[in-house]
Amino acid sequence: AMAAVPHAPAPVRKPEAMYGSRGGARACVRMWKRGATSKALELRAWLGPLALAGLVSFFGGFSAGNVVRNYAEQVLVDAGASTAQAANALVWLGAVKIGLTALTIALVDVVGRR
């Protein structure tokens, strides 16, 4: 079952990478099923990733991405572009965002999951 997940993080593919041995991983699973907590389930283990996610969300609010998407057509029309030109520019903006999102997903799969 573990081998069927080729791009899973190392602790999923090879539990011994996190717990020292396959027996240690099995023991941790047995403890978890009984209701005991392990290091991976403690809140302290998740504070760093949760803080990072919160900071990304917080600073993302200052990037003005929503303002660009919501008001770009009106800004371009006010600057002298026709409505058709503004709509065309927004289509290109969306295409670039989709392309960069696809590139990011591909890079995360290749670089981020070693």
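**View 1. Confidence of the predicted model along the chain.** The chain averages a pLDDT of 75, and 61% of the residues score at least 70; pLDDT is the predictor's confidence in each residue, from 0 to 100. Confidence is lowest in helix α1 (residues 10–13), at a mean of 50, and highest in α6, at 90. Helices are DSSP runs (H or I, at least four residues) numbered from the N terminus. Over residues 1–5, pLDDT stays under 50, and the model has four contacts beyond four places in sequence for this segment. A contact means heavy atoms within 4.5 Å. Because this is a predicted model, local features need pLDDT of at least 70 and side-chain atom pairs count only at pLDDT 80 or more, whereas totals for chains, interfaces and linings use all residues. Residues are numbered from 1 along each chain as its sequence is written, and side-chain values use heavy atoms, with hydrogens and water left out.

**View 2. The aromatic cluster of Phe58, Phe59 and Phe62.** Two aromatic pairs are found in a search of the whole structure. Phe58 and Phe59 make an edge-to-face pair, 5.2 Å centre to centre with 75° between the planes. Phe58 and Phe62 also form an edge-to-face pair, at 5.2 Å centre to centre and 75° between the planes. Rings of Phe, Tyr and Trp (its six-membered ring) pair if their centres lie within 6.5 Å; planes under 30 degrees apart count as stacked, over 60 as edge-to-face and the rest as tilted. Phe58 is partly exposed, with a relative accessible area of 48%, while Phe62 is exposed, at 62%. Buried means under 20% relative accessible area, exposed over 50%, and partly exposed in between (1.4 Å probe, protein chains only).

**View 3. A nonpolar surface patch including Val111.** Val96, Leu100, Leu103, Leu107, Val110 and Val111 make a patch of about 550 Å². Val111 lies in helix α6 (residues 83–112) and is partly exposed, with a relative accessible area of 46%.

**View 4. Asn88 in helix α6.** Asn88 counts as partly exposed, at 44% relative accessibility. Its C-alpha atom is separated by 9.5 Å from that of Glu73, 15 residues apart along the chain.

Conventions. Patch = residues over 30% accessible without salt bridge, like charges linked within 9 Å, V, L, I, M, F, W, Y side chains within 5 Å. Areas by Shrake-Rupley, 256 points an atom, 1.4 Å probe, with all protein chains shown as cover. Salt bridge = Lys/Arg side-chain N within 4 Å of Asp/Glu carboxyl O. Helix = DSSP H or I, 4+ residues; strand = E, 2+ residues; numbered from the N terminus.
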